[in-house]
Every structure is written in structure tokens, then in C-alpha cells.
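Student: Before we discuss any packing, could we look at the model together, so that each term can be set against its definition?

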Amino acid sequence: MIGAGYAGLGAARRLGELRPHAKIVVFDAQELGEGASGRNSGFAIDLPHNVGSSLEELAKGKAYMRLARAGIASLRDSVQRHGIECDWSEQGKYHTASSERGAEEILLPTVEELKRLNEPYEWLDAGKTAKRLGTSHFVASVYTPGTALLNPAAINRGLGENLPENVTLYENCPVLEADLGTTISLKTAHGSVRAQKVILAVNGLAMRFGFWKGRLLNFAAHASLSRRLTAAEQAALGNIAPWGSTPANAFAGITMRYTNDHRILIRQNIHFCPSLRQSDERRARVGAEHQRLFDDRFPMLKGVTMERTWTGYICLSRNGAPGFGQVAPNVWSAVCQNAVGVAKGTISGRLAAAMALGEDDPLIADMISLGTPAPVPPRPLLDIGVRARFAYEIFRNRHEA
């Protein structure tokens, strides 16, 4: 197993469950909680982002929900069974619009999709949204109850620390050489491993192993977390319950959390990043912008500062499809979660494990129904095209900023 994010740990756990006498080894280049899985915003989302009105699109939306909910159920079971302290709370989420146009173009169609899927929801106008979230910035929101909120770094560590006994995890142990032929051979700085099969759970890095080349897009996503609010500041916010919100437009808008320990998280500024590298200088600029956005949305919390800013990386495909399935005679992949890796990554890994062992699982058909990543143009045309599209999306949806 290469990779110990949600997909990798999901696969390792499932392998251990299905083959309790087999020896399973997991390598990760970083310490658990320090990679992309520990740097997301902590949403395990159960609903598809967009579902069209056709029967085919509706069927795909229902397949996605089955997959996401199976991933959430697996995570819930691990958290409860092992007592993982990760602020797990099934509080749902708010899909917010900053403008009347955003509400009309995104939230109202979202409601229609939820009706077609026969899913529960609650429409909240500006006043009701402000009462729930403590900010009058939004004109409306749609609340759905199925999302779980969590501390991503804590659950990533907890999952890794409570793997089946026949699974060995090596942190800070990147794979330096890989022979993925008839017999799998993986070399690290500390030694090598030979195996019959391997599962890749490394998202956009799968291309460096020779798979999904020209089909995966790596993006940097920045987030900031405020200091803990004082009792007086909590009262100024309305002594509200913790919450999570996603924006009508993911590129122009802001993802936010009010956490269980009374901090406010802001994630904004997603951009194409093939190198998977960001400078401290850029993070400082992003942090300053996050502070401005925070001050704009929470004027009653004057003096509350962003305590830290970090970067995580997400892998997207042009058509929103995952990089899932058998990619070589002895190689399976569970990559490209399209920014919803907590739930989708977990189930993707578990299903890749079942597939690698020849075990039947009806959800494998659901995963396959989502398709595979579409090809993208070669660089530098790719860079120009992606950045131009992002600039257009942000300009077109600037009303949601």
C-alpha cells in the first residue's frame, strides 16, 4: 500500500479485515496528519455537488450518495470503536450564497436536485442564516443534515494508530523506487518490500508512478484558523452551535467552519499547482487575505486574528471522475477524489482493496459508474487553459466573493 490518507488507510483496514492472516504494509512519505488528508476543512459530505435533471445524471447522483454514505459509515464505525478523539459531529452543513444571483443560480437549482433525489433540506433566508451562522454576510443558505464535521488531522492520526494487527504502517518513509511488474518491489531509504499486489492511494502523485498520466490536475488549497474565541466573543457571535458552510461557487466563495473549540476556519484561494509546492511568502499573503475576509464577515469580532495558515493539495479530474480500479496486472488505484476525499476517499480505498482480493461488493459497480478521468491538454497549454478558466470563473462569480 502506498499512501496513508483516507483512501490508503481505508484500503489497509479493509485488507486487514478480509485477510486477517496476510501481512500488509503501508508506506507514507509524511507523518500522519501533516499531509493533504490532515489539511482539509473537515467535511465528510454525503451529497453530490451537482446532479443534472436527466435520468442518467440522477442515477449517478444516487450512486455517489451510496458511496459517500458508506464511507461516512466506515469512518463513524472506526471513530466509535476505537474512541478516536477527532471532534466527530454529524451536524450537517450549510450551502451558502453571498448574493441574490448566487441564490438564484446555485441554491434554487440545488433545492430542485434535492427534491429529485428525495433528500431532506431546509431553506434559510438571510435572517435565519445569520441566526445560525452568526454572520449577516449571506443572503440565503440550504441546510442538509447528512454531512459529518471533524478534525481532519486528528482522525487521520487516529485511523492510522488503530489499524488491524496485521497491518504495519511506516510514516516518513517515501517510496523511492517502484517495480510494479509481475512481482511488486518497493524501495525506501530504510529498506525494501516485495509483494504480490499493491494499491496506490497517492492522489495526483499517481502520475509519478506512471498511471493516469495527462489526466489528473493538482491544485493548492489554502486555509486559516482563528485563535480561540473568548466567552465574550462567543456571546457576540450569538452563542451559536458549531457549523460548517460551503459556498455556492467553490472558486470565488469561501468554505468556513465554526469549530467545537470555538475557532473560525476560512478556506479560500484554490489554484492550479502542478509542482505541489508553495512558498511561505505566498502563504503569508493568503493569510492576510483570509484575515480581511474574516473581518468583513464578522465585524463584531474585531481584534480576533488568524492564528495559523496552511496549504493542502487536492486532485481533480477534468470530468470529475475518480482514478479508481485496476491499472496494471498487480496494481490497483484509489486516487483523484475531486476535493471530497474524506468520505469518497475512504470508500474508494475500501473498494479497491475488495477488488484487489477478488471480493464481491455491490458498491464497486457504483464506483465504476462514475467513470474515469478524462484526458487534459499537454503542458504548457494545460497551464494556460486551467489558469484562464479559473480567472474566468472567479470573474464571472465575483458576486459570490
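Student: How close do the axes of helix H1 (residues 6-18) and H8 come, and at what angle do they cross?

Tutor: In this predicted model, where local features need pLDDT of at least 70, side-chain atom pairs count only at pLDDT 80 or more and totals for chains, interfaces and linings use all residues, the two axes come within 7 Å and cross at roughly 40 degrees. Residues are numbered from 1 along each chain as its sequence is written, and side-chain values use heavy atoms, leaving out hydrogens and water. Helices are DSSP runs of H or I with at least four residues, and each axis is a line fitted to C-alpha atoms over the stretch in contact, with angles running from 0 to 180 degrees between N-to-C directions.

Student: Why is the crossing of H1 and H8 called right-handed?

Tutor: A crossing takes that name if the near helix is turned clockwise from the far one by less than a right angle, and H1 passes H8 in this sense. Tyr6, Ala7 and Gly10 are among the H1 residues that meet H8, whose own contributors include Gly341, Val342 and Gly345, contact meaning heavy atoms within 4.5 Å.

Student: What makes the contact of H8 with H9 nonpolar, polar or charged?

Tutor: Ala, Val, Leu, Ile, Met, Phe, Trp, Tyr, Cys and Pro count as nonpolar, Asp, Glu, Lys and Arg as charged, and the others, Gly among them, as polar. The axes of H8 (residues 341-356) and H9 (residues 362-369) come within 10 Å and cross at roughly 115 degrees. Ile347, Ser348, Leu351, Ala354 and Met355 of H8 make the contact with Leu363, Ile364, Met367 and Ile368 of H9, which divides into eight nonpolar, one polar and no charged residues.

Student: How much area is buried between domain 1 and domain 2?

Tutor: Buried area is the accessible area, for a 1.4 Å probe, that two parts lose on being put together, summed over both; here it is about 2700 Å², with carbon and sulfur atoms giving 54%. Arg39, Ser41 and Gln91 supply 21% of the area that domain 1 buries against domain 2, more than any other three residues.

Technical notes
Helix = DSSP H or I, 4+ residues; strand = E, 2+ residues; numbered from the N terminus.
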